[in-house]
Amino acid sequence: MPVQVVEYDPAWPEKFREQREVLGPLIGRWLHDPVEHVGSTAVPGLAAKPIIDIAAPVVSLREARAALSVLERDGWWFWPDDPNRWWRLWLLRPRPQVRTHHLYLIEHDDPHLLELRAFRDRLRADSALRSQYAELKVTLAQKYRGDRDVYTAAKREFVRGVLAGCGLQIQPRTTSQ
């Protein structure tokens, strides 16, 4: 699936809300906090891959594995080969080749969740930073159109800088880092 960054779509928040309304009751017994819209589509005005990223802060990642069958019945695909499976359970919909949503089950107190929130909130609050990030994303999407992993890795230093400005140090993403 090629990397595609598009202009901000004002329909993205509603697409998140639609899923939040379903996910809350569906996986509520595993949630510690309500599901949240994270990632670039959660930042008004920011160009992004047109995939809604959703974080579901769970009480226990181990116990949340029981939610996978519930979510799969609702049309979510569990990605068992996620290199970050040690800190999250990653699902997507409607299918791997055409994704409209990503869902991350993450323990409510995991530092990776704090990073997702802090990065989103910093971009929401700073229009100059948001513009810099949009420009970087568009450039990298053109350069690494066929390699999503390289595209993501190429954004790491920018993310690291933003998080450092929030007083956070970026956490390892995979066990190989």
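Select arginine 120 to begin: at 9% relative accessibility, arginine 120 counts as buried. The cut-off for buried is under 20%. Keep in mind that this is a predicted model.

**Stop 1: salt bridges around Arg120**

Aspartate 121 is partly exposed, with a relative accessible area of 36%. Together with Arg120 and Asp121, they are linked in a network of salt bridges. The whole structure holds eleven salt bridges.

**Stop 2**

Move to arginine 20 and glutamate 21. Their side chains meet in a salt bridge, 3.4 Å from N to O. Is glutamate 21 buried or exposed? It is exposed, with a relative accessible area of 52%. Arginine 20 counts as partly exposed, at 32%.

Next, select aspartate 74 and arginine 93. They form a salt bridge with the closest N and O atoms 3.4 Å apart. Aspartate 74 lies in the loop between helix H3 (67-73) and S3, while arginine 93 is in strand S4, so the pair ties together parts that are 19 residues apart in sequence. Aspartate 74 is partly exposed at 27% relative accessibility. Arginine 93 is buried at 16%.

Stay on arginine 93 and look along the backbone. A cis peptide bond joins arginine 93 and proline 94, with omega about -5°. Proline 94 is found in strand S4.

**Stop 3**

Turn to the rings. The model has four aromatic pairs. Select tryptophan 79 and tryptophan 90. Their ring centres are 5.5 Å apart and their planes stand at 55°, so the pair is tilted. This pair links distant parts of the chain: tryptophan 79 is in the loop between strand S3 (77-78) and strand S4 (89-95), and tryptophan 90 is in strand S4, eleven residues apart. Tryptophan 79 is partly exposed, with a relative accessible area of 27%. Tryptophan 90 is buried, with a relative accessible area of 10%.

Which residue lies over the face of tryptophan 90? Show arginine 88: it is 5.4 Å from the ring centre. Then show arginine 99. It lies over the face of tryptophan 79, at 5.4 Å from that ring centre.

**Stop 4: the ring cluster**

Select tyrosine 133 and phenylalanine 158. Their ring centres are 4.9 Å apart and their planes are at 15°, so the pair is stacked. The cut-off for stacked is under 30 degrees. Tyrosine 133 sits in helix H5 and phenylalanine 158 in helix H7, 25 residues apart. Both residues are buried: tyrosine 133 at 3% relative accessibility, phenylalanine 158 at 18%. Ring pairs link Phe119, Tyr133 and Phe158 into a cluster.

**Stop 5: the largest pocket**

Finish with the largest pocket, which has a volume of about 1,100 Å³. Select Lys49, Arg88, Tyr104, Thr152 and Lys155. Of the 39 lining residues, these lie nearest the centre of the pocket. Arg88 is the arginine from the tryptophan stop, over the face of tryptophan 90.

Now colour by element. Strand S5 (98-107) and helices H4 (111-125), H5 (127-143), H6 (148-154) and H7 (156-165) each supply at least two residues of the lining. Which element gives the most? H4 does, with five residues. Last, colour the lining by class: 18 residues are nonpolar, seven are polar and 14 are charged.

How values were computed. Residues are numbered from 1 along each chain as its sequence is written. This is a predicted model: local features need pLDDT of at least 70, side-chain atom pairs count only at pLDDT 80 or more; totals for chains, interfaces and linings use all residues. Side-chain values use heavy atoms; hydrogens and water are left out. On a 1 Å grid over the protein atoms alone, a cavity is a set of points where a 1.4 Å probe fits but cannot get out, and a pocket is an open set with protein on both sides within 12 Å along at least five of seven lines; lining residues have an atom within 4 Å of a point. Grid points are joined across faces, edges and corners, and a volume is the space filled by probe spheres set on the points. Helices (H or I, at least four residues) and strands (E, at least two) are DSSP runs, numbered from the N terminus. Ala, Val, Leu, Ile, Met, Phe, Trp, Tyr, Cys and Pro count as nonpolar, Asp, Glu, Lys and Arg as charged, and the others, Gly among them, as polar. Rings of Phe, Tyr and Trp (its six-membered ring) pair if their centres lie within 6.5 Å; planes under 30 degrees apart count as stacked, over 60 as edge-to-face and the rest as tilted. Buried means under 20% relative accessible area, exposed over 50%, partly exposed in between (1.4 Å probe, protein chains only). A charge sits over a ring if NZ of Lys or CZ of Arg is within 6 Å of the ring centre and within 35 degrees of the ring normal. A salt bridge is a side-chain nitrogen of Lys or Arg within 4 Å of a carboxyl oxygen of Asp or Glu.
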